[in-house]
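Have the viewer open and follow along.

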Amino acid sequence: MTSVIDIDTIAERLQRLIAQAGLPAVEPGLHYGLPAFKVGGKAFVTVKNNEAIVLSLPIDRKEQLMEMAPEIYFQTDHYVGWPSLPLRITAIGDEELQLRLIEAWRYRAPKKLVAAFGRI
């Protein structure tokens, strides 16, 4: 049986990892009524429910990650053809999750902000 985590706990974990990564200009907010973190007004990660989050990533990157770790990354019909990748939050460790958050942030952030972050 998998443990169920509440959405607030998931959002707190994401916020902690985003802060540890030093990602600038991140704003907590809502995306389609769900808790999310945004940069430049665009959501780069959304808490879908108490089992999954959705990252904004290029479509070719989605395929790579699903192939690499199908126990973590998956796709539903809703996300086919969209630059959004669901993942099982209880199946991913903090280190990998932080790398994916940075990747999603870079994908959604304005280019000038990404360039500045590269120098931080």
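**The whole chain**

Keep in mind that this is a predicted model. The protein has four helices and five strands, and if you read along the sequence they come in the pattern α-β-β-β-β-α-β-α-α. The radius of gyration is 14 Å, close to the 14 Å that the globule rule gives for 120 residues, so the protein is as compact as a globular protein of that length. Along the principal axes, the C-alpha trace spans about 45 × 30 × 25 Å.

How much of the protein counts as buried? Of its 120 residues, 39% do. As for the surface, the protein exposes about 6,900 Å², and carbon and sulfur atoms supply 55% of that. Take the contacts between residues at least 6 apart in sequence: 53% of them join residues at least 24 apart. On the charge side, there are 14 positive and 14 negative charges, and their mean positions sit 10 Å apart.

**Helix H2, inside and out**

Now zoom in on helix H2, which runs over residues 59–68. Which of its residues are buried? They are Lys62, Leu65 and Met66. Looking down the axis of H2, you'd find the buried residues within an arc of 100°, so they line one face of the helix. On the face turned away from that buried side, H2 carries the exposed residues Asp60 and Glu67. The cover over the buried residues of H2 includes strand S5 (84–88) and helix H3 (94–108).

Serine 84 belongs to strand S5, and with 17% relative accessibility it counts as buried, because the cut-off for that is under 20%. Leaving out neighbours within four places in sequence, serine 84 is in contact with Val54, Leu55, Leu57, Lys62 and Tyr79. One of those partners, Lys62, is among the buried residues of H2.

Next come some residues from the loops. Alanine 25 lies between helix H1 (7–21) and strand S1 (26–31). Its phi is near 60°, a positive value in a residue other than glycine. Tyrosine 32 sits in the loop between S1 and strand S2 (34–39), and phi there is near 55°, again positive in a residue other than glycine. Glycine 40 is in the loop that links S2 and strand S3 (42–47).

Here is how accessible each one is:

| Residue | Relative accessibility | Class |
|---|---|---|
| Alanine 25 | 45% | partly exposed |
| Tyrosine 32 | 75% | exposed |
| Glycine 40 | 55% | exposed |

The class boundary matters here: exposed means over 50%, so glycine 40 at 55% counts as exposed, whereas alanine 25 at 45% counts as partly exposed.

What does glycine 40 touch, not counting residues up to four places away in sequence? The answer is Ala25 and Pro110.

Note on methods:
Residues numbered from 1 in each chain as written. Predicted model: local features only at pLDDT ≥ 70, side-chain atom pairs only at ≥ 80, totals over all residues. Heavy atoms only, no water. Buried < 20%, exposed > 50% of the residue type's maximum accessible area, 1.4 Å probe, protein only. Helix = DSSP H or I, 4+ residues; strand = E, 2+ residues; numbered from the N terminus. Arc of directions from axis to C-beta. Contact = heavy atoms within 4.5 Å. Rg over C-alpha atoms; globule rule 2.2 N^0.38 Å. Areas by Shrake-Rupley, 256 points an atom, 1.4 Å probe, with all protein chains shown as cover. Lys, Arg positive; Asp, Glu negative; His and termini not counted. Charge placed at Lys NZ, Arg CZ, Asp CG, Glu CD.
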